[in-house]
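Hi everyone, thanks for coming. I'd like to walk you through one structure this morning, so please have a look at it first.

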Amino acid sequence: MASDFPLPDTQHPLTRPFWEAAARGELVVPRCAACARFVWYPRERCPGCGGDAPSWQPVSGRARLFSFAIVRRPLFPAFAELVPYATGLAALDEDPSVRIVTRIVDCELDALRVELPLRAVFRPLRFPGLAREVVAPLFAPAV
Amino acid sequence: VGVRVDDGHRPITLLHSGAVPTAARDWGTAAPLDDVSRAVAIAGVGEADPSKASGRSAVQIGLQAIERALDDAGLAPADVDGLMTAGGMDDQLGAADFHAHFGTRHELWTSGEGGGMAWAATAPHGAARALRAGRARAIVNVFSVAWATQRGEMRGGPGEFHAREPWKAQFEAPFGWFPQPVYFATIARRHMHEFGTTPQQLGAIAVACRRHAGLHPTALMRGKPLSLADYLARPMLVDPLRVEDCCLISDGGAAYVMTTPERARDLRRPRVLVAGVGEGRSGTGLYWSQQPAFTSTPQVFSAPRAFAMAGLAPADVDVLTLYDPFTIVALMQIEDIGFCAKGEGGPFVEGTRLHFDGGGLPCNTHGGLLSHAYVLGSAHVVELVRQLRGEAAAQVPNARVGVYGGYTGHLASTLVLVRD
């Protein structure tokens with residue numbers, strides 16, 4: 001695996017806009033210009049209508065907690081310092097079939113419930129032994 | 001040592017250009033398989049010794065499984081003229097290993113469309129085609145892993161492939177949604193939300209597997225009984241899953257010998273015939289996060305085809321083995337094969353329903369991946385054959401119809417076996 005796993009490759013041509021937007025505090029998702037469908041995960045063409053070059057569009061960052069897991073014991077060295085942590089899927093208000101994988105932060109782990117309203121927040125991902133850090137969208141309970 | 005959990009499609013390719021379903025009912029497909037009903041017999045089975053880290057290689061383990069399967073069938077190595085393996089794994093034995101070990105040098109038809117996981121169910125389909133075409137007369141399907149041995153070196157194992165997969169590396173792993181126990185804990189939580197499934201119900205699956213392992217001579221969890229109260233008292237690993245909801249990591253493997261039903265009649269073991277084979281796939285590939293039917297498996301596409309080919313129905317099944325990397329995967333397959341309605345798997349598995357002695361749907365009577373060994377489904381088929389011959393350790397009385405439900409990444413498969 002890559003030496004700086006689990007940090008993402010922010011220069012990947014198909015995902016670079018996602019990480020650039022996160023760095024300025026914005027959540028963007030590719031959307032087909034022809035049929036307006038969100039295209040998640042990113043693809044070169046819209047799977048719905050075949051339209052080319054879906055473009056990255058900002059979304060509100062409002063979502064609901066589709067489901068989640070609470071990692072109580074370390075499964076992997078990079079995440080050991082985070083344990084216990086909640087990770088799961090945020091279903092966007094704009095289209096709940098778009099599920100963003102996220103960590104759920106600023107919350108009581110035991111108070112998390114499926115369908116909890118969430119909002120995107122932007123935080124640096126840092127891992128032990130890695131100098132690089134990447135700002136990413138995480139989700140917190142919407143209050 | 002990568003694990004192929006995708007049968008030839010690079011996941012990235014699938015994302016960029018694959019046709020992807022948009023309607024919830026259209027989230028996957030069934031493979032169009034030839035009718036091979038009763039065109040193949042399983043004439044011999046063999047299990048390598050399952051173990052924790054043993055220092056053995058996957059090749060050594062696989063060869064031991066083949067020796068035992070040939071001994072069971074009453075065939076000599078020179079009688080084998082076909083070899084099926086897991087083509088996507090680079091540590092599996094090949095024809096050269098077979099010849100070096102057995103001192104043979106004859107022509108071997110080989111196929112990479114075999115091995116364990118989903119392929120433990122679909123290998124008989126490939127074998128049937130080879131038998132019909134006259135390419136081979138006796139075909140061994142073999143699968144082995146040395147993942148317990150390799151774990152010390154951080155090589156192999158189910159997580160390695162996923163860490164390298166580009167979209168997981170971009171959008172999943174950075175958020176700690178990695179590796180497999182996290183995916184399936186998330187699926188289990190959603191199943192609980194949608195259907196009211198409880199920890200006690202997941203625990204019933206773990207308890208049944210452990211009880212069966214206690215009766216199996218080589219199961220790794222033999223001698224380690226687990227009650228439902230024990231299960232519930234165990235700490236969460238990835239909430240809502242406990243360690244007991246997750247499979248072992250093991251060294252081990254298994255092999256089975258396939259030939260024509262006519263030839264099998266002349267061999268020494270009772271005939272077990274392949275009655276039906278099915279294969280289904282999810283259109284969202286390895287991205288469980290995006291699968292529209294989040295709490296389903298592609299068994300909904302695979303199982304109906306296998307039963308139709310067999311001319312049988314779920315109600316006809318006497319004994320079941322399910323690919324059980326996590327209890328929730330067994331639960332979803334029970335629903336998706338059609339043993340109960342979707343969402344009713346929880347109440348269905350409660351109590352002793354899955355136990356071998358009068359439970360109604362005896363399941364993983366060898367202990368499964370949860371309590372026998374993590375040999376990725378290969379031993380599940382061996383166990384079914386033993387059940388149908390009446391020689392299993394936890395024998396189901398008069399078992400005539402057996403089903404293996406395979407599951408691997410975006411694939412599910414169904415193998416229906418019948419006693420002659």
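**Cysteines first**

Let's begin with B:Cys209: its sulfur lies 6.1 Å from the closest cysteine sulfur, that of B:Cys363, which is too far for a bond. By disulfide I mean a pair of cysteine sulfur atoms within 2.5 Å. B:Cys209 is also buried, at a relative accessible area of 2%. Here buried means under 20% relative accessible area, exposed means over 50%, and partly exposed is in between, with a 1.4 Å probe and protein chains only. A:Cys107, at 25% relative accessibility, counts as partly exposed. How many disulfides does a search of the whole structure find? Zero, over all chains.

A word on where this comes from: it is a predicted model, where local features need pLDDT of at least 70 and side-chain atom pairs count only at pLDDT 80 or more, while totals for chains, interfaces and linings use all residues. Residues are numbered from 1 along each chain as its sequence is written, chains are lettered from A and ligands numbered from 1 in the order in which they are written, and side-chain values use heavy atoms, leaving out hydrogens and water.

Now chain A. It has one helix and seven strands, running α-β-β-β-β-β-β-β from the N terminus. Helices (H or I, at least four residues) and strands (E, at least two) are DSSP runs, numbered from the N terminus. The C-alpha trace spans about 45 × 35 × 25 Å along its principal axes, and 50% of the 143 residues of chain A count as buried.

On to helix 2 of chain B, residues 58-73. Its 16 residues reach 23 Å from first C-alpha to last, close to the 22 Å expected at 1.5 Å a residue; that expected span is 1.5 Å times one less than the number of residues. Among its buried residues are B:Ile61, B:Leu63, B:Ile66 and B:Leu70. Their cover includes strand 2 (41-47), helix 3 (95-102) and helix 16 (378-389) of chain B. Just after the helix, B:Gly74 takes a positive phi of about 75 degrees.

Finally, the cores. A nonpolar core is a set of buried Ala, Val, Leu, Ile, Met, Phe, Trp, Tyr and Cys residues joined through side-chain atoms within 4.5 Å. The largest has 168 residues, and B:Phe184 is one of those with the most contacts inside it. Beyond four places in sequence, B:Phe184 is in contact (heavy atoms within 4.5 Å) with residues including B:Leu241, B:Trp288 and B:Tyr407. A second, separate core of 23 residues includes B:Ile66 and B:Phe98.
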